[in-house]
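Me: Here is the model I want to go through. Can you take my questions one at a time?

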Amino acid sequence: MQMIKKLYHGTKVYFDEPDLKKAKNRKDFGKGFYLTTNYDQAMRWAIKKLPNNDKRSVAYVYEYEFDTDNEKKLHVLELLEYNKEWLDFITPNRHEGEKEIVYDLIYDRMADSTGDELAANIESYWHKEKSAEEVLKAIKFRDGEFDQYCFKTLKALNCLKRLRYIELYKLDKSPEILRRH
């Protein structure tokens, strides 16, 4: 039985197809195309850096189908626990960037800490100012509410099919939909 999962990508950039060459490297899982199962999370990603109450500054949320049957053909890393392994994986990616692409797809739940709080704790761990235990205790987590999928290779991207996208802007610090495509 074929399983399809809906995934969303929020950005302030319009595109027809994801381009891994344009992906930023110093992220949790290095260079890749990041998506989530949480539509509201994708909307927040999209408007994060937009000016408030300006309909000329548009962001986009793209909706994709992910054929999970094809996932079996991919080299996948699931980081489902916040532990030293998780911390040791994301810390060098955030600090110095990914050196080599090993996986086609990486998945994890997301920390609930603010970006600045998370970054400061990871930086302290990188510089050996805090232990893994101290950092993991300081970071706040929610169970399963927020997640991220990082598609790192063309092989992985080929498991995605774009369905539609919406244009939105930031109204009083919240997403407001302009058009659906």
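Me: Start with the helix. What does α3 lie across, and at what angle to β4?
Reply: Helix α3, residues 84-96, lies across β4 and β5 and runs at about 120° to β4. Helices (H or I, at least four residues) and strands (E, at least two) are DSSP runs, numbered from the N terminus. Angles run from 0 to 180 degrees between N-to-C directions, with axes fitted to C-alpha atoms, for helices over the stretch in contact; contact means heavy atoms within 4.5 Å.

Me: Before more numbers, what are they based on?
Reply: This is a predicted model, where local features need pLDDT of at least 70, side-chain atom pairs count only at pLDDT 80 or more, and totals for chains, interfaces and linings use all residues. Residues are numbered from 1 along each chain as its sequence is written, and side-chain values use heavy atoms, with hydrogens and water left out.

Me: OK, the sheet. What is the strand order?
Reply: The order is β2-β6-β5-β4, in an open sheet of four strands with mixed pairing. Two strands pair if DSSP finds at least two bridges between them.

Me: Which strands are at the edges?
Reply: β2 (33-35) and β4 (76-79), each pairing on one side only.

Me: And how do β5 and β6 run?
Reply: β5 (residues 105-109) and β6 (residues 147-151) run antiparallel, joined by five bridges. In one of them, D108 is partnered with Q148 of β6.

Me: What does its side chain reach?
Reply: The N38 side chain reaches the backbone nitrogen of D40 at 3.0 Å. A polar atom of that N38 side chain also lies 2.9 Å from the backbone nitrogen of Q41.

Technical notes. A polar contact is a pair of N or O atoms within 3.5 Å; within protein, one must be able to donate a hydrogen and the other to accept it, and residues adjacent in sequence count only if both atoms are side-chain atoms.
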